[in-house]
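Please report on the model shown here.

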Amino acid sequence: MSSVELLEQAFDRIDALNPALNAVVAQDRAAATCAAAASDARYAAGTAGPLDGLPVTIKDAFEVVGFAATCGVPALADHHPEHDAPAVARLRDAGVVILGKTNVPPFSAEWQTVNELFGRTNNPWDLALTPGGSSGGAVAAVATGMSAFELGSDIAGSIRWPCHATGVFGHKSTQGLVEMRGHIPPAPWFDDEPDLVVAGPITRSAKDLALLMSVLARRPVAPFTKPVSSWRLGVLTEAPGAATARAVVDAVDVAANALANTGARVERIASPFPFTAVWHAYLSQLCRMHHASRPSRERHRWAARAGEFADDDESPAAWLSRTAGRSESELFAALEPRARWLEALAPCFAELDAILMPPAPTPALPHDPRGYDERPLIVDGEERSIFEMTAWIAPATVLHLPSTTAPVVRDAAGRPCGVQILGPLHGDAITIAIAGALEAATGGFVAPPLARELS
Amino acid sequence: MSKTNDEVYEVVRKHLLEICPDIKADRVVRTASMKELGASSLDMVEVVSCSMRELGVRIARQELSTLKDIGGLVDLLHDAALKKKVA
């Protein structure tokens with residue numbers, strides 16, 4: 001099939017599915033058609049790149065020439081970048097055809113995908129559910145074949161949670177491996193590459209993750225060649241202080257058993273890092289990012305309420321008010337023990353190749369019009385703090401570790417459930433290889449019914 | 001006729017005080033940074049985009065990323081307005 005035909009197929013899927021999903025929020029079909037024709041010419045000349053002709057959308061958190069980079073923020077509706085974000089430029093250089101952009105919550109700072117500019121994105125498995133966020137438009141586009149793959153980004157689980165919620169593969173890369181200039185947040189005009197934000201591919205197969213990381217990474221990814229029979233994997237399914245839905249724990253167990261059946265040695269482990277301390281260090285950063293992405297007058301209101309909460313109150317309101325009066329540097333100080341935590345983790349990764357754990361506390365959730373500072377998290381019918389959304393994503397983010405999310409099963413309600421595979425620093429090839437073995441053992445990606453009807 | 005540097009400063013100052021009502025007006029000077037005054041990232045994006053819109057100019061991200069204070073932003077906006085007039 002030619003690049004132009006491949007692109008037309010993507011247009012057909014967008015025409016058929018996007019009205020219900022609202023995942024793709026900007027398109028330039030004329031420019032994409034020119035790019036696809038140029039790709040066909042490269043194939044004819046024998047000069048095609050490794051991703052040549054693949055029609056893709058890009059998460060609207062990245063700057064892409066030819067499109068506004070809004071990140072779901074009305075004040076950025078007219079922000080037309082003059083350069084591609086370096087990660088996007090690498091994809092373009094490898095031959096991809098960028099046909100459009102996908103929806104995000106404002107400043108990529110929500111676990112649902114809805115904003116004033118473009119409205120709400122729906123989960124292709126059930127339109128009444130959110131695809132998660134912030135890469136919500138991206139996962140919906142990949143799961144339904146509207147995009148060959150996506151470029152996601154992750155600060156608070158923004159690759160891992162939506163991939164788990166829609167049944168696709170995603171890779172949160174080792175911090176710094178993929179360049180983050182040209183990504184929002186931070187605000188496009190004043191800040192440099194920030195800590196904790198990483199980019200990575202979202203795909204329908206583990207093999208695609210590996211191919212894309214070879215293009216996106218700014219230094220070579222160390223290869224992983226150990227045979228499955230010598231893999232040692234830890235399994236961690238209990239988060240102190242946070243609830244995890246039965247269906248999610250079951251999916252991790254299914255993944256662990258499948259890998260054990262392929263010959264890997266799998267064992268249950270206790271957390272090799274101080275789980276609560278790492279999580280709370282993360283929550284300080286989450287609050288810092290929350291305050292930065294909202295009007296400062298909201299921060300003043302939170303600060304004024306600080307006296308209402310006891311020191312051990314773990315509610316979102318307590319966290320947001322407690323942190324509102326602290327400076328950025330005071331909040332950054334919560335990350336100071338990071339080197340010590342990483343050092344303590346070294347013996348664990350000397351023994352284990354990776355750790356299997358839940359990517360999120362629950363399968364996909366119904367849409368909720370309330371902001372995350374107003375709504376609870378519902379886990380197996382129980383009301384919990386929404387900040388428990390970060391219990392399972394915090395370790396990889398705080399410790400800068402690579403983490404691959406892979407689909408495993410669907411729960412009784414038909415919602416996808418995945419597993420998070422946490423690896424050692426720079427072990428990106430390890431977690432992707434394990435996702436590949438799991439894919440071979442369990443069948444991997446399954447298209448949602450909505451998309452299957454089209455095939 | 002293009003605005004003077006002082007008039008551009010008044011545009012930026014007006015938007016900053018409207019968007020951040022908690023910032024005391026007497027603290028807004030050319031040598032202050034919006035961040036130090038307590039503006040959030042969202043506030044700063046809104047101040048820049050409202051100022052650009054009112055002045056009818058656009059500034060590249062690369063130029064804005066070098067800014068240290070309000071005076072620097074005013075100078076960039078003023079230069080952009082002058083260039084637009086020449087063009």
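## Overall fold

Chain A has 15 helices and 15 strands. Helices are DSSP runs of H or I with at least four residues, strands runs of E with at least two, numbered from the N terminus. This is a predicted model: local features need pLDDT of at least 70, side-chain atom pairs count only at pLDDT 80 or more, and totals for chains, interfaces and linings use all residues. Residues are numbered from 1 along each chain as its sequence is written, and chains are lettered from A and ligands numbered from 1 in the order written.

The C-alpha trace of chain A spans about 65 × 55 × 40 Å along its principal axes. Of its 455 residues, 57% count as buried (20 or more other C-beta atoms within 10 Å of the residue's own, with C-beta atoms placed from the backbone).

## A three-stranded sheet

Three strands of chain A form an open, mixed sheet in the order β1-β3-β2. Strands pair if DSSP finds at least two bridges between them. β1 (24-27) and β2 (55-59) of chain A are the edges; each has a single partner strand, so one side of each lacks a neighbour in the sheet.

β1(A) and β3 (residues 97-102) of chain A run antiparallel, joined by three bridges. Val24(A) sits opposite Thr102(A) of β3(A).

## The chain contact

Chain B gives 19 residues to the contact and chain A gives 22 residues. Contact means C-beta atoms, placed from the backbone, within 7 Å. On the chain B side, α3 (41-55) and α4 (61-64) each give two or more residues. The largest share, eight residues, comes from α3(B).

Technical notes
Two residues are in contact if their C-beta atoms, placed from the backbone, lie within 7 Å. A residue is buried if 20 or more other C-beta atoms lie within 10 Å of its own, exposed if 12 or fewer, and partly exposed in between; C-beta atoms are placed from the backbone.
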